[in-house]
Amino acid sequence: YANHGAEFGGKLGTPSIIGSGATFAAAGQRLVIKRSPSLTLSKGFTFSAWVKPASAGSGRILSWEDGAQSLVVGLEGGAAYARVGAAVTGKSSPLTPGAWTHLAVTAEPGKKVVVYLNGAEAVSASLGGDIPSPAAELSVGDALAGGSPFTGDMDEVQLAATVRPASWIAAAFAGQGQDGKLTAVAEEEAG
């Protein structure tokens, strides 16, 4: 779909869950994804990423804001939350600084928005009505206007214009994690 980053400020090549990821260490370090017809989220969406916060702070993991409409996945005091339009989830238990956590959010119009941590539902909120579709760029790692930086590492950032079931989220966590049950990786033997 060619939804590649149009602008990136941060550091690539960070050792991560699968290969290498990105480090966001300061305000203004973010990945900007241009508006695209393939990012019409009105029928629902699934966002997922492996995140490794540097501290128990606050910041935006995914952000799009346009006046009263918004879509935010973030941390507040180290706890994950999501806001889709007027629907705001509660806060999850805090993520452990310096440790990788699989963070996923699904939103289905007329049903609910759900935050998952490590494959399990953590918090949710009713989502009565439509999901706003981004009319501007999406930002990963900070708000587009700045001022809400996530500090830490990210890997395997995905946004799909479909609502994945809880079993898919659990399988993604189980298959990608350091203790992945679907694949095994080992050092090549010498000789």
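E65 has a relative accessibility of 41% and therefore counts as partly exposed. The model in which this residue is described is predicted.

**Salt bridges**

The count of salt bridges comes to seven. One of them joins the side chains of R30 and E7, with an N to O distance of 3.3 Å. Here too, distant parts of the chain are linked: E7 is in strand β1 (residues 5–8), while R30 is in the loop between β3 (20–24) and β4 (31–33), 23 residues apart. R30 has a relative accessibility of 13%, so it counts as buried. E7, at 39%, counts as partly exposed.

A further salt bridge is formed by E121 and K112, whose closest N and O atoms are 3.8 Å apart. E121 is partly exposed, with a relative accessible area of 45%, and K112 is also partly exposed, with 36%. Salt bridges with shared partners join R60, E65 and R83 into one network.

**The sheet**

Seven strands form an open sheet in the order β1-β4-β13-β6-β7-β8-β9, and their pairing is antiparallel. The edges are taken by β1 and β9 (87–88); each has a single partner strand, so one side of each is without a neighbour in the sheet. In general, strands of a sheet pair through backbone hydrogen bonds. For β8 and β9, the antiparallel pairing runs over two bridges. A87 in β9 is the bridge partner of V84.

**Aromatic rings**

There are two aromatic pairs in the structure. F8 and F24 make up an edge-to-face pair, with 5.9 Å from centre to centre and 75 degrees between the planes. Because F8 lies in strand β1 and F24 in strand β3, the pair ties together parts that are 16 residues apart in sequence. F8 counts as partly exposed at 34% relative accessibility, whereas F24 counts as buried at 3%. A charged side chain is also placed against a ring: R164 lies over the face of W168, at 4.7 Å from the ring centre.

The accessibilities of residues in the pairs described above are collected here.

| Residue | Relative accessibility | Class |
|---|---|---|
| R30 | 13% | buried |
| E7 | 39% | partly exposed |
| E65 | 41% | partly exposed |
| E121 | 45% | partly exposed |
| K112 | 36% | partly exposed |
| F8 | 34% | partly exposed |
| F24 | 3% | buried |

**D142**

D142 is located in the loop between β13 (138–140) and β14 (152–160). This residue is buried, yet has no salt bridge. The nearest side chain of opposite charge is that of R30, 4.9 Å away. That separation lies beyond the 4 Å limit, so D142 and R30 do not count as a salt bridge. R30 does have a salt bridge with E7.

The contacts of D142, leaving aside residues up to four places away in sequence, include A27, G28, Q29 and R30. R60 and S63 are touched as well, together with G147, S148 and P149. Among these contacts, R60 is a member of the network with E65 and R83.

How values were computed
Residues numbered from 1 in each chain as written. Predicted model: local features only at pLDDT ≥ 70, side-chain atom pairs only at ≥ 80, totals over all residues. Heavy atoms only, no water. Helix = DSSP H or I, 4+ residues; strand = E, 2+ residues; numbered from the N terminus. Buried < 20%, exposed > 50% of the residue type's maximum accessible area, 1.4 Å probe, protein only. Pairing = 2+ DSSP bridges. Phe/Tyr/Trp six-rings, centres within 6.5 Å; stacked < 30°, edge-to-face > 60°. Lys NZ or Arg CZ within 6 Å of the ring centre and 35° of its normal. Lys, Arg positive; Asp, Glu negative; His and termini not counted. Contact = heavy atoms within 4.5 Å.
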